[in-house]
Amino acid sequence: MLDRLTQLEERALAELGNADDEAGLQAWKVKYLGRSAELAEILDGLRTLPKEERPAVGRQANQLKANLERAFAARDDAMRAAALERSLWGEGLDVTLPGRTLTRGRMHPANSTLRQIARVWAEMGFQVYRSREVETDETNFGLLNMPPHHPARDQWDTFYTRQEGVLLRTHTSPGQIRVMRERAPEPIRVILPGMCYRYEQITARSEIQFNQVEGLAVGHNITFADLKGTLNAFARRMFSQDIQTRFRAAHFPFTEPSAEMDIECLVCGGVGCAVCKGTGWLEVLGCGMVHPAVLENGGYDPHVFSGFAFGMGSERITMNLHRIDDIRYFWANDMRFLEQF
Ligand SMILES: [Zn+2]
């Protein structure tokens, strides 16, 4: 019996040495330390042995059990350590590599110009009024003195929704009607910035979406002199203190009289270059005195109130400020373009 125990120990330890994975180790445990293992049988059968053999066999069997348990624990630890080691190296985590730097976001050039424009107007007492981008035909055209079949509508083809008379605004001007109807008969000094849409062929000069900043002042005794003075003040704050401006007669259905304001070319200073097409002037905005019919549609009596309005394309201004020659860059999401600002 004692020999049998010695052989059992040799066999068990040899097999334990060959167990090289978790499954093999567990199988070994069942085979040698399990409830129906040979050793368990021997321990169970102790009382059937002759009395004088019992103590020696019992002692050795218990000794064997302790040895096997210790050997198992040691093998188990070694295999866990090896597995940990393997996973650490196997996943290739090299802590000596420098970390990846986070790229910082930056302002889109269209937005930074919008903010700059809003800041200048805020200094002059104009509030920002947010108006909707989805408009009705009536607000976008009709109430702005462009009834159906008005020829001016040809310049403003847009995107229509499936709902009759609902469209994407072609300009920020419908906001004039909305702010007037909300504030009448209080005086108004607001700018209305935001995205506008037109159904156009996309070229270097025209996009189907662009930001405009509309401005509106309504009150008593507002004259064309106020319009010119205010817009000149804006140009000086926005571009440079000694910038030259000029007003040219123009026509818009919702202002009377109407004008366009040019500023001295920012690139050549008025001498003439490719950016200003040799004229020395850059067109910045359209403006005029609010048409009496529009004032009336907004809820103001045109015999008592007067006002001026203007509208500028902020991408156009950004293009002049940074000499960008293609408007398509603004919405193309090309990092090479955006990273320059
Ligand atoms: Zn020029």
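Reply: Buried is used here for under 20% relative accessible area and exposed for over 50%, with partly exposed in between (1.4 Å probe, protein chains only). Helices (H or I, at least four residues) and strands (E, at least two) are DSSP runs, numbered from the N terminus. This is a predicted model, in which local features need pLDDT of at least 70 and side-chain atom pairs count only at pLDDT 80 or more, while totals for chains, interfaces and linings use all residues. Residues are numbered from 1 along each chain as its sequence is written, and side-chain values use heavy atoms, with hydrogens and water left out.

Me: Good. How many residues of strand 9 are buried?
Reply: Strand 9, residues 306–313, has 6 of its 8 residues buried and is mostly covered.

Me: And which way do strand 5 and strand 9 pair, parallel or antiparallel?
Reply: Strand 5 (residues 209–219) pairs with strand 9 in the antiparallel sense over 8 bridges, where two strands pair if DSSP finds at least two bridges between them. Within that pairing, Glu214 stands opposite Gly311 of strand 9. Strand 8 (residues 281–290) is also antiparallel to strand 9, joined by 5 bridges, and there Gly288 faces Ala309.

Me: How about strand 4, how many of its residues are buried?
Reply: In strand 4 (residues 188–197), 9 of the 10 residues are buried, so this strand is largely enclosed by the rest of the structure. Strand 4 pairs with strand 1 (residues 127–128) in the parallel sense over 2 bridges, with Val128 opposite Ile191. Strand 4 also pairs with strand 5, in the antiparallel sense over 10 bridges, and Ile188 stands opposite Val218 there.

Me: Switching to the metal: which residues coordinate the zinc ion?
Reply: Cys265, Cys268, Cys273 and Cys276 do, each through SG, at 2.2 to 2.3 Å. Donors are N, O and S atoms within 2.8 Å of the metal (3.2 Å for Na, K and Ca), and since water is not among the atoms, sites may look incomplete. Along the chain the donors follow the spacing C-x2-C-x4-C-x2-C.

Me: Why is the arrangement around the zinc ion tetrahedral?
Reply: Because the 4 donor atoms subtend angles of 103 to 114 degrees, and four donors count as tetrahedral if all angles lie between 85 and 135 degrees.

Me: Is Cys276 buried or exposed?
Reply: Cys276 counts as buried, because its relative accessibility is 4%.

Me: Last topic, which residues lie nearest the centre of the largest pocket?
Reply: Glu283, Val284, Leu285, Gly313 and Arg316 do, out of 48 lining residues. On a 1 Å grid over the protein atoms alone, a pocket is an open set of points where a 1.4 Å probe fits, with protein on both sides within 12 Å along at least five of seven lines, and lining residues have an atom within 4 Å of a point. Strand 8 gives the most to this lining, with 7 residues.

Note on methods. Four donors count as tetrahedral if all angles lie between 85 and 135 degrees; four count as square planar and six as octahedral if opposite donors are over 155 degrees apart and all others between 65 and 115; anything else is irregular.
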